[in-house]
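Me: I'd like to learn how to read a fold from its coordinates. Could you walk me through one?

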Amino acid sequence: MKLCRVLGTVVSTVKHETYVGRTLLVVQPVDERGEICAPSFLAVDVVQAGVGDLVLVGSEGGGTRQVIGIERLPMRSLVLGVVDRIAGSPVA
């Protein structure tokens, strides 16, 4: 799992059928201090995260398939939780 900050949403008029009705977010990996530590990427939101939220993102295909419940799935990354706070860290 990766700690990420939500940068924005992606809007598409044409998409694969498994993306219909799902929100696609641009997320930026950050470290425990909130510093950017890797390039941004796309993740499907399953927890109703918003822009600016600190989130946990799972990036394993098998875990994504289990959460969504579809065996053959063209998704890799899912926003699985919104982080309220990190104990002992200024990031929130």
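Me: Where is the place of V46?

Reply: Before that, a word on the ground rules. This is a predicted model, where local features need pLDDT of at least 70, side-chain atom pairs count only at pLDDT 80 or more, and totals for chains, interfaces and linings use all residues. Residues are numbered from 1 along each chain as its sequence is written, and side-chain values use heavy atoms, with hydrogens and water left out. Now, V46 sits in the loop between β3 and β4. Helices (H or I, at least four residues) and strands (E, at least two) are DSSP runs, numbered from the N terminus.

Me: What elements does the protein chain have, and in what order do they run?

Reply: There are one helix and five strands, running β-β-β-β-α-β from the N terminus.

Me: Which strands pair with β4?

Reply: Two strands pair if DSSP finds at least two bridges between them. β4 pairs with β1 in the antiparallel sense over four bridges, and L3 stands opposite L56 in β4. Strand β5 (residues 78-82) is also an antiparallel partner of β4, again over four bridges; G58 has L78 as its bridge partner in β5.

Me: Why is β4 described as largely enclosed?

Reply: Because four of its five residues are buried, β4 is largely enclosed by the rest of the structure.

Me: Which residues make up the largest nonpolar core?

Reply: In soluble globular proteins, nonpolar side chains tend to be buried together. A nonpolar core is a set of buried Ala, Val, Leu, Ile, Met, Phe, Trp, Tyr and Cys residues joined through side-chain atoms within 4.5 Å. The largest one has 10 residues: C4, V6, L25, V27, F41, A43, A49, V55, V57 and V79. Two or more of these come from each of β1 (2-10), β2 (23-29), β3 (41-45) and β4 (54-58). Apart from that core lies another, of five residues, including Y19, L24, V44 and L78.

Me: What is V79 in contact with?

Reply: Contact means heavy atoms within 4.5 Å. Setting aside neighbours within four places in sequence, V79 touches a list of residues including L25, V27, A43, A49, V55 and V57.

Me: Which residue has a positive phi although it is not a glycine?

Reply: Most residues other than glycine have a negative phi, and most peptide bonds are trans. In this model Q48 has a positive phi of about 60 degrees. Q48 is in the loop between β3 and β4 and counts as exposed, at 74% relative accessibility.

Me: How many salt bridges does the structure hold?

Reply: Two. R33 bridges to D31, with the closest N and O atoms 2.9 Å apart, and to E32 at 3.1 Å, N to O. D31 counts as buried at 16% relative accessibility, whereas E32 is partly exposed at 46%.

How values were computed: Buried means under 20% relative accessible area, exposed over 50%, partly exposed in between (1.4 Å probe, protein chains only). A salt bridge is a side-chain nitrogen of Lys or Arg within 4 Å of a carboxyl oxygen of Asp or Glu.
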